Amino acid sequence: MTEPRKLFIKTYGCQMNVYDSERMAEAMGGEGYVLTDQAEGADMVLLNTCHIREKASEKLYSDLGRLRPLKAANPNLKIGVAGCVAQAEGDEILRRMPLVDLVVGPQAYHRLPEMAWAGRQQVDTEFPVEDKFDLLPARKAPRGPTAFLTVQEGCDKFCAFCVVPYTRGAEVSRPGARILDEAAKLVERGVREITLLGQNVNAYHGAGEGGDWTLARLIRALAAIPGLERLRYTTSHPNDMEDDLIAAHGDLPALMPYLHLPVQSGSDRILKAMNRKHTAEQYLRLVERIRAARPDILLSSDFIVGFPGETDRDFEDTMELIRAVGFGSAFSFKYSARPGTPAAEKPPVEEALADDRLQTLQALITAQQRAAQEAMVGREVGVLYEKPGRLAGQMVGKSDHLHAVHVEDPQGRVGELVRVRVSASASNSLAAVRIP
Ligand code: 5AD
Ligand code: SF4
């Protein structure tokens, strides 16, 4: 019997890349490759990259440098670069790093198996007319209780700082029936919670029965699948938060009370320069409407500090918006100029000032995150067990509000959805006791 070939995939960046890596692993599985958790000894190494900030991009080149000795020791080792850096830089990657065998963009990775067999220096960064998801092998193997499912890709918003519209292309939504089918198959394989993914997921408008479906319509159809207990979606744009989606948060028990809704800045001047097409006030009103539908919802956001032209006053407006909303968590980034985007033409804010602002903002977010966790103590919540904890007799899972929870439960099994009472809040997780 021949040994299976070993595939190592490193995933950088967003959840959509996590989903794509899984699909690439399944595609290569059809070619006899099994996943391994280290690059040493692998027959193929795939780096699924992110281009969103400069640091994320640069990681690719340092990691490729580290693969040199492996390639020298095993000239048959195939090295592939996938994802958004592959899309943005294409051939340039081969020129800069000749050890790379193939470069495949996020819209072309269904071709990975044939490219892997076709010899060295293959590049495909096309945006095909067909849906790559239809060309990928069906998802079969059993798996854990949670899964990502990409329903929409690309972005038409063109925020002035962002490369996504260039690397992932225009907005495309998958047809509703295909998504329902994939979800039902995931449930057959043991999945009980699905997170719907899209760069602009709430702009979803896939073909469905009776015309295009909205995300709310899709979520209602998914919630009817027996055994699918929990639904989440990410990432949303404030301007696409329609009434039917807000209503779904109020009346669909499967739709979890957590929403990632990036605002980026609290200054109207900066929001305008960012081409966000909403004001701080509009965001606050939107938050009110969402909370009216689902009062206990936890909100999270993305923030960029040090966008070109950001003054102390603009930054203070952002801090004010954060105080006004009270987030459950948030991601914050120092602005990073991305080649080809409109904001990259403008003079940057002084680095030390941006660093200071980032620290100040992160301290406020951390305090709000702590407060949101503390507020859970004593409350009853649902937890879906994802794995055994490090301590004997302990299970770990996510609460409805997406907090990591450690539960004392010697009889607990992975995949069980239980009710717990939160007993304590630690720095990044909650402790809880199962309710019999
Ligand atoms: N610089 C810093 N942060 C950025 N993001 C996107 N582009 C940039 C950039 N050029 C952040 C935004 C976005 C998140 C995914 O990454 O906050 O919501
Ligand atoms: Fe980038 Fe803006 Fe599109 Fe989000 S909405 S992917 S930040 S351009």
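Predicted model: local features only at pLDDT ≥ 70, side-chain atom pairs only at ≥ 80, totals over all residues.
I started with helix H12 (residues 280–293) and helix H13 (residues 312–325), whose axes lie 11 Å apart and pack at an angle of about 10 degrees. Angles under 35 degrees count as roughly parallel, so H12 is roughly parallel to H13.

From H12 I got Ala-280, Tyr-283, Leu-284, Val-287 and Arg-291. From H13 I got Leu-321, Ala-324 and Val-325. Sorted by class, the H12 contact with H13 comes out as 7 nonpolar residues, 1 charged and no polar.

Then I moved on to helix H8, residues 176–188. I checked its length: at 1.5 Å a residue, its 13 residues should span 18 Å, and the end C-alpha atoms are 18 Å apart, so the two agree.

Which residues of H8 are buried? I found Gly-176, Ile-179, Glu-182, Ala-183, Leu-186 and Val-187. They cover an arc of only 140 degrees around the axis, so they sit on the same side of H8. On the face turned away from that buried side I found Ala-177 and Glu-188, both exposed.

I also wanted to know what the buried residues of H8 pack against. Two helices came up, H1 (15–29) and H9 (215–223). The strands in the list are S7 (146–150), S10 (193–197) and S11 (207–208).

Last entry: I looked just past the end of H8, where Gly-190 takes a positive phi of about 110 degrees.

Definitions and conventions: Residues numbered from 1 in each chain as written. Chains lettered and ligands numbered in written order. Heavy atoms only, no water. Helix = DSSP H or I, 4+ residues; strand = E, 2+ residues; numbered from the N terminus. Expected span 1.5 Å × (residues − 1). Buried < 20%, exposed > 50% of the residue type's maximum accessible area, 1.4 Å probe, protein only. Arc of directions from axis to C-beta. Contact = heavy atoms within 4.5 Å. Axes fitted to C-alpha atoms, helices over the stretch in contact; angles between N-to-C directions. Parallel < 35°, antiparallel > 145°, perpendicular 65-115°, else oblique. Nonpolar A, V, L, I, M, F, W, Y, C, P; charged D, E, K, R; others polar.
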